Amino acid sequence: MRDNEWLYRGRLGRFVEELITPHLYGSTSPLHLTAWRVPGEPVPFDEAVGQEFTPFEPGTPWGRGWSTLWLHATGSVPADWRDTAYEIVVDLGFSPRPDGGHGAQAEALAFRPDGSILKAIEPFNRYLPVEEPDAIDLYLEAAANPDVGIGGAWHPSEFSSLDTVPDEQLYVLRQVDLARRNVEVWELNEDIEVLAGLVEELPVDLPRRAEIVVALNAAMDALDPRDVVGTAGNARAALAGVLSRPANASAHRVLATGHAHIDSAWLWPVRETVRKCARTFANVIALSEEHPDLVFSCSSAQQYAWIKQHYPELWERLKQKVAEGRFVPVGGMWVESDTNMPGSEALARQFIHGKGFFLREFGYEPTDVWLPDSFGYSGALPQIAVAAGSQYFLTQKMSWNETNVLPHHTFWWEGIDGTRIFTHLPPVDTYNSRLAAFELAKAERQYSEQGHGTISLVPFGYGDGGGGPTREMVAKAHRTANLEGSPTVRIGTAAEFFEEASAELPNPGTWSGEMYLEKHRGTYTSQLRTKQGNRRSEHLLRAAELWATTATVRTGLEYPTEELRGVWETVLLQQFHDILPGSSIAWVHREAEANYARVAGILEGIIERSLAALTGTGDAVLAVNSSPVPLAGLAPFTVGVPEAATGVLTVETGGGGWVIDTGLLRVVVDAEGLLPSVVHTPTGRELVARGRKFGLLQVHNDRPSMYEAWDIDAHIGRVVEDLETADSVRLVTSEPGLAEVETVHSIGESTITTLLRFTAGSAAIDLDLDIDWHEQRRLLKLAFPTSVFTDRATSEIQFGHIARPTHANTTWDVARYETCAHRWVQVAEPGFGFAVANDSTYGHDIRRDHPGGAAPGTTVRLSLIRGPMFPDPETDQGRHRLRVSAVCGADIGTAIAAGQRLNQPVREVRGANAVAPIVTAEAPGVLVEAVKLAEDGSGDVVVRLYESLGARSSGVIRAGFAYTGVERTDLLERHTGDVTTTADDGVTLSVRPFEIVTLRFTGVG
């Protein structure tokens, strides 16, 4: 008869709790402790050890939130322990949370007296080796990181900002002891965990399951409770047979790679991430010394750079492990960035700076893109990644979809230009695996390519706040390497996995276009100031590089290489997938805002110096067009005399409002400041849906089910408060070329002031919004209900645009109710379109609309501002200014120009000389994205351009400087092909839709 599993399960739980866990260690001996409480922010080792340390005992409370305690531990190993296993065990007062609190707990880094790093202490990695038994002497830098997320991802936390941290101590030091380690008991515990976990995954009627239960019962019989240590070997012997049974020939293959997902900021500030990296990397290096087969995959060049800067001794050891192939850089990006909101050039620079660092420091280039946790993936990313030399892509986040399941786990991902990249979505559904039986079984069970492929990747190690793999995880990998009933596990590199997977699946399925995450839709809107800082910085960087390059080539002004590099690294860091999306604590976002202000000052200085060198000394008022499209009568990338205003605008009063005619638009502004009629006069087309009004502000209750700063839930659309009544409406400007109407609305404690601007000869209605926002858990949208009937809306993304359905035919369409766009969106019927451009907004919703029984249309709405209270209780509170432009009769080219006008506006300088463009694109739809000097310091000029309309194009690129050669390169400015030049030194170009082209001009003089 089979053993009773109900009785076995209860017996085993008690067996482990009462006999195994208490005997993992034997006798203990406390170390002598003294301590120094750091009065402010963390200090380096050399400064800390020079302070006055005072006696400190276990049981003492310590650690105001975000504070640091230095412990000095000394002692010696008792003489009668010398022939046994022993180590130092530390308990800083850890929480019993099974997930470790996502890394939001106390942690410590152990130093030797000479300042070199020994190892780290984490909630599930609490031991330190003893190197000098006769003279133990070490320092522990203990960080009192608070558990910001305790209670759920929506409760406001007083630990979000350093200014609001309460005075109480968060932790009680429990233990800093020498402890005798009972290795055989520990090994037995690992045997039991693997087998007991496997039992729960095997079918109930499988003989293998019954066999393991019998063996576990036999092991419990073999262990003498009176002599656990002495009989642990007997218990292990009872399990040896079932542990030695080989895996099935058809078992799924798991390639497990060590990993520690370390959010570069999230529920902790950037300064703490620096220390988290040191702790995790130190533990990985120490573990690799114990287990030569351990391989650790680590992304984010920024995190390596922090170690190089702050921990030079650890950096040297890390470099050695990289050289050995044991510590493997992956991803090739500066950080694991968001990919929805970074601009075109910024997303390219993630790879340029990331891979550039790895090549300089290690002579190594990752060939994979490693983005397990970013909140959806832009359709432009395959081309960008491949253009940077990458071959493979990994994500885990798509398993978070709320409604639909991606049909593949290993597949081709095709971008908007047709570029494909070999992609893997690990079916284990986590990037923080512990190699538990249920995880391995899940990877095998869910693998979509069964019958065609046999292998998947499992990143293992504690993560989010770091930690990484542990010896317990390695033990599980060894036991499941070839175990009946389990997938086979082999530790290796991501590159090994991709090589094997692509070899056995040469023609997998294809996913085309963006990978839209059906979750975290609120990240397109949360933390408006952070998003504005990013947008402003990207455009200032573009202008600074353009004019610095022009000035260097034409005047010999020194190119500000290091200034630009430093600025780029700041901007790229802040595009991390919990900073730019607005999902970090207040500390992170206030610091980001300060950094953006500093960046703006540096870039404005570069632009000012460069333009002064180019225009010379003089009092003439000159207009500067830094954009790739004509603006204000100026060709792209030129400085010249500003265009004189033309056309006449008329304003008529009536019905409590005004009728304003710009020559291209006839607009009715009603008594509440809304626009019930907008007629495009060249076509006679009414733009406003019947019975609706343009410029309507709408307020939604915004209480998502779980992740407050991250999510906008579908139920948000059910209750809407329309701000149809204004506090005041007045005509503030009425001139021949300009009319402006100011409208003030109030909602709760907030005030929204909108300035409607109409310009003679323009088909655009500009809206300048001044929002003094004091609402929390409410979302403000701006609506344009149009008469345009279309089944798709076009949204700008990096290096092109994407079309998304406006209907809700499928579950995929239904779930895509909030989307991301960059500077513009457009809806169109054949021959006529309407666009909305912005200077700050990423979140949009664009849907088919049926206003009553009237003709159907399409409503375009922008998500302007939110007020979530977690992780930052003060998210978006205060004053904000942003700009929107509604453009009538707009095709894609017009929409692009509108976006450029708002984001790269014409600026004025005083000088003597006009400036001709440094480069000119004479090819329809081809836009220049970046002009810069080469990364290698050669003085070569690099020009990056792309096709913007989604059509094939050909033409000539002309350089406004002398050069001796030109070549096509990849994003890292490495030769990929020759080009043909014309008799007058133009470069002939033929591009496919949305193709990115990088040209390198050599011999510049």
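Me: Great. What kind of model is this, and how are residues numbered?
Reply: This is a predicted model, where local features need pLDDT of at least 70, side-chain atom pairs count only at pLDDT 80 or more, and totals for chains, interfaces and linings use all residues. Residues are numbered from 1 along each chain as its sequence is written, and side-chain values use heavy atoms, with hydrogens and water left out.

Me: And what counts as a helix or a strand?
Reply: Both are DSSP runs numbered from the N terminus: helices are H or I with at least four residues, and strands are E with at least two.

Me: OK, helices. At what angle do α7 and α9 pack?
Reply: Helix α7 (residues 301–310) and helix α9 (residues 344–362) pack at about 45 degrees, and their axes are 9 Å apart. That makes α7 oblique to α9. Angles under 35 degrees count as roughly parallel, over 145 as roughly antiparallel, 65 to 115 as roughly perpendicular, and the rest as oblique. The axes are lines fitted to C-alpha atoms, for helices over the stretch in contact, and angles run from 0 to 180 degrees between N-to-C directions.

Me: Which residues make that contact?
Reply: From α7 they are Ala301, Tyr304, Ala305 and Lys308, and from α9 they are Gly354, Phe357, Phe358, Glu361 and Phe362. Contact means heavy atoms within 4.5 Å. The residues of this contact of α7 with α9 divide into 6 nonpolar, 1 polar and 2 charged. Here Ala, Val, Leu, Ile, Met, Phe, Trp, Tyr, Cys and Pro count as nonpolar, Asp, Glu, Lys and Arg as charged, and the others, Gly among them, as polar.

Me: How do α6 and α7 cross?
Reply: The axes of helix α6 (residues 270–290) and α7 come within 9 Å and cross at roughly 85 degrees. The two helices are therefore roughly perpendicular to each other. On the α6 side the contact has Val270, Thr273, Val274, Cys277, Ala278 and Phe281, and these meet Gln303, Trp306, Ile307 and His310 in α7. The residues of the contact of α6 with α7 divide into 7 nonpolar, 3 polar and no charged.

Me: What does β44 pair with?
Reply: Strand β35 (residues 764–773) runs antiparallel to β44 and is joined to it by 10 bridges. Strand β41 (residues 832–838) is also antiparallel to β44, with 5 bridges. Ile765 stands opposite Ala886 in β44, and Phe834 stands opposite Cys888 in β44. Two strands pair if DSSP finds at least two bridges between them.

Me: Which way do the residues of β20 point?
Reply: Ile455, Leu457 and Pro459 point one way, Ser456, Val458 and Phe460 point the other way, and all are buried. In a regular strand the side chains alternate between the two faces of the sheet. As for partners, strand β13 (residues 253–259) runs parallel to β20, with 6 bridges joining them.

Me: What's the strand order in the sheet of 6 strands?
Reply: That open sheet goes β3-β2-β5-β10-β7-β8, with antiparallel pairing. β3 (54–55) and β8 (117–121) stand at the edges with a single partner strand each, so one side of each is left without a neighbour in the sheet.

Me: Now single residues. Is Glu569 buried or partly exposed?
Reply: Glu569 counts as partly exposed, at 23% relative accessibility. Glu569 is found in helix α15 (residues 561–573). Leaving aside neighbours within four places in sequence, Glu569 is in contact with Gln302, Trp334 and His353. The C-alpha atoms of Glu569 and His353 are separated by 7.8 Å, though the two are 216 residues apart along the chain.

Me: Last one: what is phi for Arg777?
Reply: Phi of Arg777 is near 60 degrees, a positive value in a residue other than glycine. Most residues other than glycine have a negative phi, and most peptide bonds are trans. Speaking of peptide bonds, the one from Phe870 to Pro871 is cis, with omega near 5 degrees.

Terms used: Buried means under 20% relative accessible area, exposed over 50%, partly exposed in between (1.4 Å probe, protein chains only).
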